[in-house]
Protein chains: 2
Amino acid sequence: MNPITVMNEIAPEALDLVEQRYLILRTVYFMAPVGRRAIAQRLEKSERTIRKEVDVLRERGFLIGNYAGMSLSSDGERILTDLREYIRQMHGLTHLEQELKEVLKVKKVIIVPGDSDQDMVVKQDLAKATARYLRQVLKNGDVLAVTGGTTLSQVAASFPSDGTKRDVIVVPARGGLGEDVTIQANSIAAKLAQGLGGSYRLLHAPDNVDSNLVSTIVADPQIRDVITLVRRANVLLHGIGTAEEMASRRGLDEEHVMQLIIDGAVGEAFGYYFDPKGQIVYATSSLGVRLEDLGKIPLIVAVGGGKSKAWAVLSVVSTGYCDVCITDEGGARRLMSLLKHKEEHVNGN
Amino acid sequence: MNPITVMNEIAPEALDLVEQRYLILRTVYFMAPVGRRAIAQRLEKSERTIRKEVDVLRERGFLIGNYAGMSLSSDGERILTDLREYIRQMHGLTHLEQELKEVLKVKKVIIVPGDSDQDMVVKQDLAKATARYLRQVLKNGDVLAVTGGTTLSQVAASFPSDGTKRDVIVVPARGGLGEDVTIQANSIAAKLAQGLGGSYRLLHAPDNVDSNLVSTIVADPQIRDVITLVRRANVLLHGIGTAEEMASRRGLDEEHVMQLIIDGAVGEAFGYYFDPKGQIVYATSSLGVRLEDLGKIPLIVAVGGGKSKAWAVLSVVSTGYCDVCITDEGGARRLMSLLKHKEEHVNGN
DNA sequence: TTTTTTTGTCCCGCGTAAGCCAAAAAATAA
DNA sequence: TTATTTTTTGGCTTACGCGGGACAAAAAAA
């Protein structure tokens, strides 16, 4: 594995330091002769911080300076050339994360290298990154709602139980769907709870409930309790699916699937089908998390990777309900190019 | 250039952090299940420091732990494997520096990668490293004495004048020697002073002075002043030469050179010839720094690189007067193997 | 049951980063 | 040429953060 990738995993703050010094060198290179104040303004750091860094860079002989301002030494120019390459390497994705974060207007974007479509290992990486983020962000007392799906199933599987107990309750955000038990929201909730060292509750009901059956099911006190808990969840973790795939998994016949596509549905999340602008095209009725609940959830995390899911990710994130988006490089780059073209299209009109 | 080498130049402290975490992971790997206290003892760090690092490593999912102690997660094992390689890379020389420092009983050893014998660029690197060290260590009020030689001449040449003024006086440690003006101690002192932003004084006298001429020369008040200053120097920077080369440069005839070699001389520094144990074999009389002055100098820096000079470096350092030794990888590795064999020899007796 | 080891918490003190200000030098204008 | 302005650098003081040590609680081992 790449040394920079390794360092990014084991000590990202070390790379931050390298990057900071790189930025200073680059600024000096372009603005020489320049003083601390000008650098500080340009990099939006305090003058004192810049001073500290400048002092060590000067000590090492990369910067030379007099009262007219400082500039790069030949050593400084050489190391700047070397650094450029490594920063680009380590920043390929970090930078993409930043860009997407801004353009998608979400709180955070996490991108793992690779493409899930091409390499199944990337999907594991995606799951691992999600697990890592989850562990960072979950606090005692949290109620975590999770959906089903292959991606989320891998998140649960890749969750190393670190032995610590957490006061977290994991609940399925939706009911049961399809035949495969390992990708059921219930199974995932249970496994995730185990990995987190928390507890879980199960929702024993089908995902798509006929409206006149609702009252009958809710009559069951155990089910009602779980539903109450689900609607109180303060963290929602859900996968992102393509509309087509999810529709057929839900057992819709070809005709209905066709109609969905014609209506513009490209993405699916927790039972709702969205078009590229984030508008709802179709909704399956459910006992779990509903659209009107989303506004009350402080943290919604969406996971989905692969070039093929770029449209789906775009549609789901465009709803405005997504806080954190976790995807892979393939999906992210495709997504970015979709956005670029969209923008051009808009400008063209 | 290697990313690790670049980082080592631009932010060595970042690599220290990586190494610290690597050491912790390795310790856990071998001692699992293990607690903070045991790790702290093993690594000779405070328990608090270990705890801080352990917390972030656990946060990142590399360590998992319960009350029985902690162990590596699968992620942790993977990253440990990756890290091993990079640590080995970055530590090849750093570790060698440490080893040599201990075995040679000096305050500091600096090794640049490569071999001056094979690649002349390495000699420039050696000079640059020396210049960098010098700039770090010199304080206002210091008097720096320098010898001549090709290596020191390159140090002076590679000294980027960083514009800052320093209250430092540079003096030649010895008189003039040979014909080439650029490698004279006088020239080097002048150029070095320019680079340091300090002042310099010249010693207008030959290196090898006939004893009955001394009084005549010292009668010159200007020369006497400089000599006084030289004897007051608190930093001495000198090159290391092989006995043979230096003897012929001093214009000794073949017979005398042969005699020197027969007497066991392998290294030369500031006019003195040493055998491998650091004993003086021959001394040229000089007006500048004498052996009896060395004890009074708080910082003596010796520079010499290349496999061919390993014996010379060994002899000069063995005098016990050397505080800092700057050499290259070729010289250092050869030196280390010489020391290994020497030890075996002693053990064999 | 006792001992040993683990983890987590609390408080203290040092170190260092940050902000502020003054002096000095260069650029600019008169 | 001289004066003013705009930079620059360097020093001083403060305060926040982080490491250090001790301690209690809890769990595993003996």
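Which side chains meet in a salt bridge of 3.2 Å, N to O? They are those of A:Arg78 and B:Glu9. A salt bridge here is a side-chain nitrogen of Lys or Arg within 4 Å of a carboxyl oxygen of Asp or Glu.

This is a predicted model, in which local features need pLDDT of at least 70, side-chain atom pairs count only at pLDDT 80 or more, and totals for chains, interfaces and linings use all residues; side-chain values use heavy atoms, with hydrogens and water left out. Residues are numbered from 1 along each chain as its sequence is written, while chains are lettered from A and ligands numbered from 1 in the order in which they are written.

**The interface**

Between chain A and chain B the rule finds nine salt bridges. It also finds eleven residue pairs in polar contact across this interface, both residues at pLDDT 80 or more. A polar contact is a pair of N or O atoms within 3.5 Å; within protein, one must be able to donate a hydrogen and the other to accept it, and residues adjacent in sequence count only if both atoms are side-chain atoms. Helix 2 of chain A gives the largest share of the side of chain A that touches chain B, eight residues. Helices are DSSP runs of H or I with at least four residues, strands are runs of E with at least two, and both are numbered from the N terminus. That side of chain A has 18 nonpolar, seven polar and 13 charged residues. Nonpolar means Ala, Val, Leu, Ile, Met, Phe, Trp, Tyr, Cys and Pro; charged means Asp, Glu, Lys and Arg; the others, Gly among them, are polar.

The contact (heavy atoms within 4.5 Å) takes 38 residues from chain A and 37 residues from chain B. The buried area is about 3600 Å², and carbon and sulfur atoms give 61% of it. This is the accessible area (1.4 Å probe) that two parts lose on being put together, summed over both.

**Domains and sheets**

Chain A has domain 1 (3-89) and domain 2 (92-348), with bounds from an automatic or database domain assignment. Their centres, taken over C-alpha atoms, are 41 Å apart.

Two open sheets are listed below. Strands pair if DSSP finds at least two bridges between them.

| Chain | Strand order | Pairing |
|---|---|---|
| chain A | 3-13-12-7-4-5-6 | parallel |
| chain B | 8-9-10-11 | antiparallel |

In chain B, strand 8 (241-242) and strand 11 (280-283) stand at the edges; each has a single partner strand, so one side of each lacks a neighbour in the sheet. B:Phe274 has B:Ile280 in strand 11 of chain B as its bridge partner.
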